[in-house]
Amino acid sequence: MDILGWTTSIGHLALLLTAAFIAGALNAVAGGGSFLTLPALVFTGVPPVVANATGTVALLPGYMAGAWGFREDMQPPPGLSMRAVVVLSLIGGSAGAALLLFTPDATFRKVVPWLLLAATALFAFGPQLRQWAGKAGHGTPSALKAGAGMLAVAAYGGYFNGGLGILLLALFGLLGQTQLNAMNGMKNLVSALLTAIAVAIYAAGGIVLWPQALVMMVAATLGGYGGARVARQLPASVLRWGIVATGLVMAGLFFLKG
């Protein structure tokens, strides 16, 4: 089958569409979509660095839609202005994306299972992490500390997207933000900003496979709107531990493959 000059089997196309659709639904409800898009692309023969970049492109519309949905609730966390959040997100996302460009496939292949494990742990213990961050977030942090935290998390997101949402929510809680809608709004805004600049850098570096990215982008967007309705019918605990199990299985497969 030839799609925009991309020759693929029906089986591989079905895998990418399914992974992207479910990933879009998961990101809309709880996060964890990268646990599916990255391994699916690698399984179809895409090099790990290119797979990471291409999967990130596919999930960008979901972040943008989420940010728009929370536009009325957005408030910057204590210690940072909205302008500072935007600037630090773009700088950090750029730095992380640039680092990915210079990471050899062999190195990234060795790093991926550890990143997946770390992201899975963040997702599994996300509620406890956010609770701890909220308790530790009394008092207004200095602008320097708040900015350093924002920059570090943005750089992580530009390099590897997995677990980004949990890290951002924990950071906002640690900085003293308490309104959940405001936190979710800022999480989606920061994710959209750093992912957008990262995608631009990935594209300039020539590490995005656009046919796969565009096909998966459509599926992920449909999943975000339609699949989320199905996923929301599942008990939260079942959904969460299903994502954790997926992350562990994918990390295990990468360890075996590496």
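Visitor: What should I keep in mind about numbering and confidence here?
Guide: Residues are numbered from 1 along each chain as its sequence is written, and side-chain values use heavy atoms, with hydrogens and water left out. The model is predicted, so to speak: local features need pLDDT of at least 70, side-chain atom pairs count only at pLDDT 80 or more, and totals for chains, interfaces and linings use all residues.

Visitor: Why are H4 and H9 called oblique to each other?
Guide: Helices are DSSP runs (H or I, at least four residues), numbered from the N terminus. The axes of H4 (residues 82-101) and H9 (residues 180-204) come within 8 Å and cross at roughly 40 degrees. Axes are lines fitted to C-alpha atoms, for helices over the stretch in contact, and angles run from 0 to 180 degrees between N-to-C directions. Under 35 degrees counts as roughly parallel, over 145 as roughly antiparallel, 65 to 115 as roughly perpendicular, and the rest as oblique. H4 and H9 are therefore oblique.

Visitor: Left-handed or right-handed: how does H4 cross H9?
Guide: That crossing is right-handed. The term applies if the near helix is turned clockwise from the far one by less than a right angle, and left-handed if anticlockwise.

Visitor: What makes H4 oblique to H7?
Guide: H4 and H7 (residues 143-159) pack at about 40 degrees, with their axes 6 Å apart. That angle makes H4 oblique to H7. H4 passes H7 in a right-handed crossing. Among the residues that meet are Gly92, Gly93 and Gly96 in H4, and Gly147 and Gly158 in H7. The contact has 11 nonpolar, six polar and no charged residues.

Visitor: Why are H2 and H5 called roughly antiparallel?
Guide: The axes of H2 and H5 (residues 105-124) come within 11 Å and cross at roughly 160 degrees. H2 and H5 are therefore roughly antiparallel. H2 passes H5 in a left-handed crossing. Phe35, Leu38 and Val42 of H2 touch Arg109, Val112, Leu116, Ala119 and Thr120 of H5. By class that is six nonpolar, one polar and one charged.

Visitor: How do you know what counts as a cavity, and how many turn up?
Guide: On a 1 Å grid over the protein atoms alone, a cavity is a set of points where a 1.4 Å probe fits but cannot get out; a pocket is an open set with protein on both sides within 12 Å along at least five of seven lines, and lining residues have an atom within 4 Å of a point. The whole structure has one cavity of 30 Å³ or more. About 60 Å³ lies in the largest cavity, a volume being the space filled by probe spheres set on the points, which are joined across faces, edges and corners.

Visitor: Which helix gives the largest share of that cavity's lining?
Guide: H3 does, with five residues. The lining has three nonpolar, six polar and no charged residues, including Ser34, Asn52 and Asn161.

Visitor: What lines the second largest pocket?
Guide: Leu15, Pro39, Phe43, Met250 and Lys257 are among its lining residues, and about 230 Å³ of space lies in this pocket. H2 gives the most, with five residues. By class the lining has 10 nonpolar, no polar and one charged.

How values were computed. Helices (H or I, at least four residues) and strands (E, at least two) are DSSP runs, numbered from the N terminus. Ala, Val, Leu, Ile, Met, Phe, Trp, Tyr, Cys and Pro count as nonpolar, Asp, Glu, Lys and Arg as charged, and the others, Gly among them, as polar. Contact means heavy atoms within 4.5 Å.
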